[in-house]
Amino acid sequence: MDLTSLTIDQIRDHLASRKATAVDVLEAHQERIRQRDKEVRAYLALCPERALAQARKVDRQVAAGEPLGPLAGVPMAVKDVILTRGIRTTCASRILENYLAPYDATAVERLEAAGAVIVGKTNCDEFAMGSSTENSGFFTTHNPVDLTRVPGGSSGGSAAAVAANLAAASLGSDTGGSIRQPAALCGIVGMMGTYGRVSRFGLVAFASSLDHIGPFGRSVRDVALVLETIAGRDPKDSTSAAVPVEGYQDALRRNARGVRVGVPTEYFKGLNPEIGDNLQKGIDLLAKEGCAVVPISLPHTDYAIACYYIICTAEASSNLARYDGVRYGFRSSEYADLRDMYQKTRDRGFGPEVKRRILLGTYVLSSGYYDAYYLKAQRVRTLIARDFVEAFDDVDVIVTPTSPIPAFKLGERVDDPLQMYLADIYTVTASLAGIPGISVPCGKTKGEPRLPVGMQIFAKHFDEARLLQVAHAFEKAGGFEIA
Amino acid sequence: MALTEKDAQYVAELAHLELSGEELKKFLPQLDSILEYVQKLNELDTTQVDPMAQVTYPAAENPSLRADRTKKTFEQDEALANAPEKGAGSFKVPRVIERE
């Protein structure tokens, strides 16, 4: 059995039955990374010492007959916007090229406490700003399904690593779709919990009212296991919710019979038939599984991109003010005075997309424009969130496409930021409303090469169990390989 | 074009970004088309709508308050470990106040 294609449960079984050690599982992944990551380029850095120490610790627990954590021996990748103590955390930005985090993110701490083995840090768009991972300050990650295409973004490295079996599961971050969209483009599962479900402590801030940490996996069950581990109140993040975390095991045992599935007309109008055909088959499959399919309307959908790009850039311009060359990160070696030092440091340290967003965000917050742009967007955000609250009066979950397009060619879209932004249309809505969303594979396109299509499912605030129930029932019914 | 070069330079200054002429030439039409696109929000009458200032789901008790107790976090050398320039237990910056 190839140790790099195991599910989380299979890894635990292998350890418990002594078919393999955690070190065996780790080494199998490291060997695969050596062979395959030359072309995929999912990882920015590996941390072999930390990984080996953790794998050995798990193996000692096995030897001593101690109970194993739910993620025992599971090799995991972590997006490089999430802090790992003593290991470089760069946010794929030159400005943090040599930054050594002095502490671990809470999510990372919880993964390791559950027995997970952190293998390395993955590539992404600089400061998670982008939808293709082409905005990385270091290099581009390739989609393992077709190396001439993007893996999506911004968590493209974390998605590609799991899709190429370079990790069993991974962590990404999602602000406007940065987990769900690359999951769709790479043909795996990716999930964002409710805002506040997972602690953001140790997640480098991009847009604080929209940022989430969440899991990638090759199955719904794996994603549920990781989410369950990292979710829950953390005193170090005042926005983390005190709502208790349900065990998701019960939800995964349930079928989807009687679940009311809303299909919002706005998400299917003018949809690329390559994606639309698969989605229709996916929805038909849910109906066959006993779901009640209900057409619904989310009338403010068309305003979501405009609303999102005002709010996220405003927050980014404020959050990224901290990169000033004083306390950490890059400092320009030439400057005339303090102000000049700030300007040269930021000009040389940030890439073009980050600068564009800082400029936009500063503009929409600046005197004279604040009401017209930022405040207006905050009001529209209320309308978008209200659409969902009203829709969930009648349905339990909402099913939509994840991305309007399958994985596109590297370099194809880099010169037109607005076009790149518009492709986030189906994911930013849930981010603005703060509700949970998951993307699951829904077959492949028909042309050559056949590219993965993603189906997205939303649920009410803190109803992750329902979301996972439907996603899992879909997977069990063969939805991933539909069409 | 609604956004002028002067506007862009002014915003860049506010954001402590030094933009080269080349960057400015590239960014200006891009920023302008994005700002033009987001005008579509004006199609909506929002006079009766409150801004969404809080995303956090209303919980039974406010979880954001904690006891006001001091606790140990980082040692000075840990806090300074990533500083581009440091000395005498402090971050070093270019001279800020000129002496008469």
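Predicted model: local features only at pLDDT ≥ 70, side-chain atom pairs only at ≥ 80, totals over all residues.
Angles under 35 degrees count as roughly parallel, over 145 as roughly antiparallel, 65 to 115 as roughly perpendicular, and the rest as oblique. I start there because that is how α7(A) and α16(A) come to be called roughly antiparallel to each other. Their axes come within 9 Å and cross at roughly 160 degrees. An axis here is a line fitted to C-alpha atoms, for helices over the stretch in contact, and angles run from 0 to 180 degrees between N-to-C directions. Helices (H or I, at least four residues) and strands (E, at least two) are DSSP runs, numbered from the N terminus.

Residues are numbered from 1 along each chain as its sequence is written, and chains are lettered from A and ligands numbered from 1 in the order in which they are written.

On the side of α7(A), V220(A), R221(A), A224(A) and L227(A) make the contact, and on the side of α16(A) the residues are E464(A), L468(A), A471(A), H472(A) and E475(A). Contact means that the C-beta atoms, placed from the backbone, lie within 7 Å. These residues divide into 5 nonpolar, 1 polar and 3 charged. For that count, Ala, Val, Leu, Ile, Met, Phe, Trp, Tyr, Cys and Pro are nonpolar, Asp, Glu, Lys and Arg are charged, and the others, Gly among them, are polar.

Now the sheet. Chain A has an open sheet of 11 strands, in the order β1-β3-β2-β4-β6-β5-β10-β11-β9-β7-β8, with mixed pairing. Two strands pair if DSSP finds at least two bridges between them. The edge strands are β1 (43-46) and β8 (292-296) of chain A, each pairing on one side only. Neighbouring strands are turned by 30 degrees against each other on average, direction ignored. Helix α7 of chain A, residues 220-230, packs on this sheet and touches β4, β5, β6 and β10 of chain A. Its direction makes about 150 degrees with that of β6(A).

Buried means 20 or more other C-beta atoms within 10 Å of a residue's own, exposed means 12 or fewer, and partly exposed is in between, with C-beta atoms placed from the backbone. With β7(A), β9(A) runs parallel over 2 bridges, and I398(A) is the bridge partner of G262(A). With β11(A), the pairing is antiparallel over 5 bridges, and P401(A) has M455(A) as its bridge partner.

Next, some backbone details. The peptide bond from G153(A) to S154(A) is cis, with omega near 10 degrees, and S154(A) is in the loop between β3 and α5 of chain A. The bond from E448(A) to P449(A) is also cis, with omega near -5 degrees, and P449(A) is in the loop between β10 and β11 of chain A.

Two residues other than glycine have positive phi: R41(A), near 60 degrees, and A88(B), near 50 degrees. Are they buried or exposed? R41(A), in the loop between α2 and β1 of chain A, counts as buried because it has 22 C-beta neighbours inside 10 Å. A88(B), in the loop between β1 and β2 of chain B, is exposed, with 5 other C-beta atoms within 10 Å.

Last, chain B. It has 3 helices and 2 strands, in the pattern α-α-α-β-β along the sequence. Its radius of gyration, taken over C-alpha atoms, is 23 Å, well over the 13 Å that the globule rule (2.2 Å times the number of residues to the power 0.38) gives for 100 residues, so chain B is more spread out than a compact globule. Its C-alpha trace spans about 55 × 55 × 30 Å along the principal axes. Of its 100 residues, 14% count as buried.

How values were computed. Contact = placed C-beta atoms within 7 Å.
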